[in-house]
2 protein chains.
Amino acid sequence: MLENLKIGILGGGQLGGMLIRHAIDLGLSVSVMDKDANAPCARHTSSFFCADPKSYEAVLEFGKDLDVITIEMEAVNIDALSELQKQGKKVFPSPDTIKVIQDKFTQKQFLLSHNIPVVPGEAVENKDDLQRYENKLPGCLKKRRNGYDGYGVMVLKTAADIAKAFDEPCVLEELVDIKHEISVIVARNEHGAVKCYDPVMMVFSEEKFVLDFQVAPAQLDESLLKEANALAEKIADALQLVGILAVEMFVTKDNKILVNELAPRPHNSGHHTIEASITSQYEQLLRAILGLPLGATDLHFPSFMLNILETEGLNANRAEKLQQLLDIKGAHLHWYGKKGNRLGRKVGHVTITDSTMEGIVSKADTIRKILN
Amino acid sequence: MLENLKIGILGGGQLGGMLIRHAIDLGLSVSVMDKDANAPCARHTSSFFCADPKSYEAVLEFGKDLDVITIEMEAVNIDALSELQKQGKKVFPSPDTIKVIQDKFTQKQFLLSHNIPVVPGEAVENKDDLQRYENKLPGCLKKRRNGYDGYGVMVLKTAADIAKAFDEPCVLEELVDIKHEISVIVARNEHGAVKCYDPVMMVFSEEKFVLDFQVAPAQLDESLLKEANALAEKIADALQLVGILAVEMFVTKDNKILVNELAPRPHNSGHHTIEASITSQYEQLLRAILGLPLGATDLHFPSFMLNILETEGLNANRAEKLQQLLDIKGAHLHWYGKKGNRLGRKVGHVTITDSTMEGIVSKADTIRKILN
């Protein structure tokens with residue numbers, strides 16, 4: 001039964017922390033591996049392995065006594081996961097799914113091969129190779145691997161920008177004329193059952209490519225919402241996904257949907273599901289990988305999710321700002337407890353719930369003033 | 001800030017587990033002490049101390065590197081907590097509060113001294129001493145200390161029952177003519193701010209004195225509900241409580257409220273607050289003991305909370321029963337992951353939410369059929 005199952009998570013950041021939060025509800029034992037001994041998850045389990053999830057030996061060693069292995073980041077060793085799978089461990093999402101997604105160009109080709117509309121892009125080997133694509137500028141340059149939260153993404157406006165470009169394998173994407181960015185979290189289990197959360201609208205900070213805030217439900221035409229969910233379900237089936245998948249999409253100015261990026265794990269765009277949905281994305285992931293029935297994804301109420309980034313202003317007066325924030329009715333603080341300092345990183349988020357969208361917008365304004 | 005605060009919990013059962021769940025939301029480091037190496041909390045922290053919370057030396061050692069110490073059970077060493085308090089540690093609830101409450105007769109005298117209506121009762125030394133109170137039978141005999149979940153409680157109908165009575169210090173209480181049992185969770189912080197949750201109605205199993213199910217909000221007259229909340233607030237003030245307190249009360253057939261028992265910690269009657277209230281009782285406890293603003297206690301929707309007790313029927317087919325339960329929309333499973341076996345103990349609970357009370361009652365019926 002549940003209490004005898006040993007679950008392992010590769011990656012020990014805030015997503016892992018929120019997953020442990022929900023693993024407690026099912027009485028599960030969770031082991032975590034992260035290369036940082038101070039990772040947020042390190043203190044939330046009796047079974048923490050300080051090692052790099054990209055190391056073959058470390059992942060193999062980590063998995064040997066586990067029953068089910070999952071991820072909270074894509075930068076993990078696929079060969080070790082495949083070997084564990086061969087040994088009879090359940091690895092969800094499967095190594096094949098992670099492999100397709102962890103490389104942004106392979107991901108794009110996979111989607112194209114399944115007739116999923118994507119942002120057009122070219123594979124470039126390095127900085128030199130970029131010269132060949134001068135005529136494609138302006139464009140968005142993304143590292144093929146290991147990018148996250150805006151790290152590994154830059155806009156190249158003209159040929160002059162190539163000098164400062166990443167000098168490693170990248171994808172050069174067309175700069176799409178975006179009206180909205182949306183995201184759908186979809187879950188699928190071993191029996192092929194699929195459930196989608198309704199799309200959320202995401203607003204990114206302009207300079208940093210990091211999610212600023214997110215609104216659920218997305219205020220868009222019903223037909224677009226349905227199309228987005230249908231695409232997410234189609235991708236989950238194509239990947240033979242077991243677990244959850246975030247599908248980030250662009251809605252273009254002419255109302256076309258293009259898939260931007262996939263993440264086969266809990267995602268920032270689904271944080272609101274903890275307070276606002278019947279089943280959170282974290283519980284849904286556990287249900288999916290443990291062969292339990294998928295939970296209902298209905299929203300209880302509208303919500304707004306704001307990321308809290310580390311800034312000098314916040315650091316100067318953090319205790320008082322968080323006190324003020326906790327005093328707002330319906331503002332749910334998630335503070336990640338990260339050690340050390342690094343300006344710009346995500347250190348927490350707030351989910352705001354209210355019975356009306358107007359109430360939420362007003363609270364969000366108050367919170368922005370507090371945090372800035 | 002929050003991530004540098006070290007919190008300690010005496011007791012590592014399911015209440016501690018749910019407290020850790022909410023400590024993750026605030027990025028806190030939590031240490032736990034329990035005498036059972038297999039306690040549910042043992043696997044949810046990197047800092048588990050296997051020792052008896054009733055041991056002076058163990059509690060003193062446990063507390064020496066902590067900032068704030070709280071409890072999830074009353075059977076803890078008060079002298080050690082007082083010493084830690086003298087050393088400048090924050091101990092919430094205070095050792096004085098725990099001391100008054102951990103002895104059921106002292107608790108009753110304290111309430112009487114503050115003009116709180118209680119169930120009338122006498123202190124008896126042991127089985128022999130009970131002979132003096134033959135004329136008070138039938139009555140309810142409760143051990144003064146260490147009772148929980150129906151352990152340490154029995155009804156004595158006639159003098160013949162004295163032979164099987166507990167042979168230790170007890171309280172012999174009048175058998176009150178009860179119409180309803182209700183409970184109020186109240187929180188109070190160091191600044192004297194007080195917030196109550198609305199009363200819930202509790203239904204106990206007849207043979208076992210263990211909570212069977214609980215309904216929020218209690219379906220009672222507004223005036224009774226207000227009186228119950230006023231009593232809870234008065235008690236929290238009288239105790240100079242810092243933390244949370246469950247006040248279990250009887251509503252008699254002539255609509256009088258009598259306080260039955262207090263518990264200065266998260267309580268079974270407040271489990272529903274995780275899903276059904278803006279702020280859960282666990283988050284509220286953390287807010288109260290960390291000097292953060294108390295959260296709003298409003299209910300989002302009506303709810304029903306059913307305890308899951310270990311039975312032969314459940315054990316025979318547990319995986320399938322839990323699968324069926326997880327398939328019910330709005331049924332939130334909390335499985336405690338207890339090791340070993342013992343019939344009758346609490347192994348989990350289910351909180352059912354729905355927009356209407358009718359919807360909840362119908363789901364509760366389905367769940368009872370599954371679990372039985």
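Through which surface do the copies meet, judging by the interface residues of chain A and chain B? They meet through the same surface, because 100% of the interface residues of chain A are also interface residues in chain B. Contact here means heavy atoms within 4.5 Å.

This is a predicted model, in which local features need pLDDT of at least 70, side-chain atom pairs count only at pLDDT 80 or more, and totals for chains, interfaces and linings use all residues. Residues are numbered from 1 along each chain as its sequence is written, chains are lettered from A and ligands numbered from 1 in the order in which they are written, and side-chain values use heavy atoms, with hydrogens and water left out.

Chain A can be laid on chain B by a turn of 180° and a shift of 0.0 Å along the axis, with an RMSD of 0.0 Å. The two copies are thus related as by a two-fold rotation axis. The superposition is by least squares on the C-alpha atoms of residues with pLDDT of at least 70 in both copies.

Chain A holds 12 helices and 18 strands. Helices (H or I, at least four residues) and strands (E, at least two) are DSSP runs, numbered from the N terminus. The radius of gyration of chain A is 20 Å, close to the 21 Å that the globule rule gives for 372 residues, so chain A is as compact as a globular protein of that length. That radius is taken over C-alpha atoms, and the rule is 2.2 Å times the number of residues to the power 0.38.

Further values for chain A follow.

| Property of chain A | Value |
|---|---|
| Span of the C-alpha trace along its principal axes | about 60 × 50 × 45 Å |

In chain B, an open sheet of 5 strands has the order β3-β2-β1-β4-β5, with parallel pairing. Its edge strands, β3 (48-50) and β5 (90-91), each pair on one side only. Two strands pair if DSSP finds at least two bridges between them. Strand β1 (residues 6-10) and strand β4 (residues 68-71) of chain B pair in the parallel sense over 4 bridges, and B:I7 stands opposite B:V68 in β4(B).
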